[in-house]
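Dear colleague,

Please find the structure below, followed by an account of what was found in it. I would be grateful if you could read the two side by side.

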Amino acid sequence: MNHKAPDYRLVVNGQDITPKVNGRLIDLTVSTKRGDEADTLSITLSDHDGALEIPPKGAEIQVAFGWRGQPLEEKGLFTVDDASFSGPPDVISISARAADMRGDLPTRKTRSWHQTNVGDLVATIADNHSLEPVIGSALAGRTIEHLDQTDESDLNLVTRLAEQHDAIATVKSGRLLFLPKGQAETVSGQAMPLITITPGDGDGYNYSEKDRDNYTGVVAYYNDLDAGEQKPVQAGTDERTKRLRGTYANQQEANAAAVAELNRIKRGEAEFSITLATGRPDIGPEFRMRVQGLKRQINEREWVVVSVAHSVSDSGLVSSLEAETGNG
């Protein structure tokens, strides 16, 4: 019987420490969520003979893992936030965050944006931080008549803008991503990979449904300056509508807000999670997922992965997936 063995590579400050770590790895977990939350890395190593050094805060760790005999999946560059030593038994524990989310992005600033669009604003911020902008075509042309950035970081600004447009704003591998949430599409509009899961793939799974008030439509209001009055726009149907608070500057912004809220309502109707006994290090947020062999309510839906935690040790590799219903 062939037994798949995990494989990994750890490079600290440019030095490959994998040979020194082999046989000592208790756990290595990379957690990834869509949105502005940085990818995180945690490592626990056995130091039974005292041969390991505690990495300094700020050290950079490059991580890749997968299965022996197959190409490893690169998981990026992480910067150490915390390292500790405890015992007995003696272990070294390391916590790190994706290096892309550090630097000047969290620095607060004050400025205003006038007569622009989503694509130009995101591209400008990306350029300010030497990042490559990757912007969904459906979002790029949406107008922004006026937007104030008051004592607010660029990271918080793009996150706030993403919430208004039901988008994902995050930094990955030197790129500032601004993409539609729950669409399970690449920036070029191509469908994200579709994975199929069966009960035999998992060590455990969970399904739950949420009550989102069963709204069928959303209404938002905007100021029509020519008519001198507020006017409504609606997304969805009017059987049971939700009215958004506040008034938007123009019809396009109101419509974008209504569509974004309706998508949020639809997307959160149900949640599904599963831990894959044989890990899939290629899976990431926004992957599409189908399930076979469980309840009808699970099998009939197409799911969108929202968070992934890959855990590696010297003896195994598992992947824990959390998914929700897509926009449909």
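Helices (H or I, at least four residues) and strands (E, at least two) are DSSP runs, numbered from the N terminus. This is a predicted model, in which local features need pLDDT of at least 70 and side-chain atom pairs count only at pLDDT 80 or more, while totals for chains, interfaces and linings use all residues. Residues are numbered from 1 along each chain as its sequence is written, and side-chain values use heavy atoms, with hydrogens and water left out.

Overall architecture

The chain contains six helices and 21 strands, and its C-alpha trace spans about 80 × 50 × 35 Å along the principal axes. The domain assignment (bounds from an automatic or database domain assignment) gives domain 1 (6-99), domain 2 (108-180), domain 3 (194-210 + 269-325) and domain 4 (217-266). Between the C-alpha centres of domain 1 and domain 4 the distance is 47 Å.

Of the 328 residues, 44% count as buried; buried means under 20% relative accessible area, exposed over 50%, and partly exposed in between (1.4 Å probe, protein chains only). Contact means heavy atoms within 4.5 Å. Among contacts between residues at least 6 apart in sequence, 64% join residues at least 24 apart.

Nonpolar cores

A nonpolar core is a set of buried Ala, Val, Leu, Ile, Met, Phe, Trp, Tyr and Cys residues joined through side-chain atoms within 4.5 Å. The largest has 24 residues, and those touching the most other members are Leu-25, Leu-28, Leu-41, Ile-43, Ile-61, Val-63 and Phe-65. Two or more residues of this core come from each of strands E1 (6-12), E3 (25-33), E4 (40-46), E5 (60-67), E6 (73-86) and E7 (91-98). Another core, of 22 residues, lies apart from it and includes Leu-121, Ala-126, Leu-131 and Leu-161.

Helix H4

In helix H4 (residues 154-164), the buried residues include Leu-155, Leu-157, Val-158, Leu-161 and Ala-162. Their cover includes strand E8 (108-117), helix H2 (118-128), strand E10 (143-153), strand E11 (167-172) and strand E12 (175-180). Just after H4, Asp-166 takes a positive phi of about 50°.

Individual residues

Trp-67 is placed in strand E5 and counts as buried because its relative accessibility is 7%. Leaving aside neighbours within four places in sequence, Trp-67 is in contact with Lys-4, Ala-5, Pro-6, Asp-7, Thr-278, Gly-279, Pro-281 and Leu-317.

Asp-314 lies in the loop between strand E20 (303-312) and E21. Its relative accessibility is 34%, so Asp-314 counts as partly exposed. Although Asp-314 and Pro-6 are 308 residues apart along the chain, their C-alpha atoms are separated by 6.8 Å. Not counting residues up to four places away in sequence, Asp-314 touches Pro-6, Tyr-8, Val-21, Asn-22, Gly-23, Arg-24 and Leu-25.

Glu-324 belongs to strand E21 (residues 317-325). With 13% relative accessibility, Glu-324 counts as buried. Beyond residues up to four places away in sequence, the residues that Glu-324 touches are Arg-34, Arg-267, Ala-270, Glu-271, Trp-303, Val-304 and Val-306.

With kind regards
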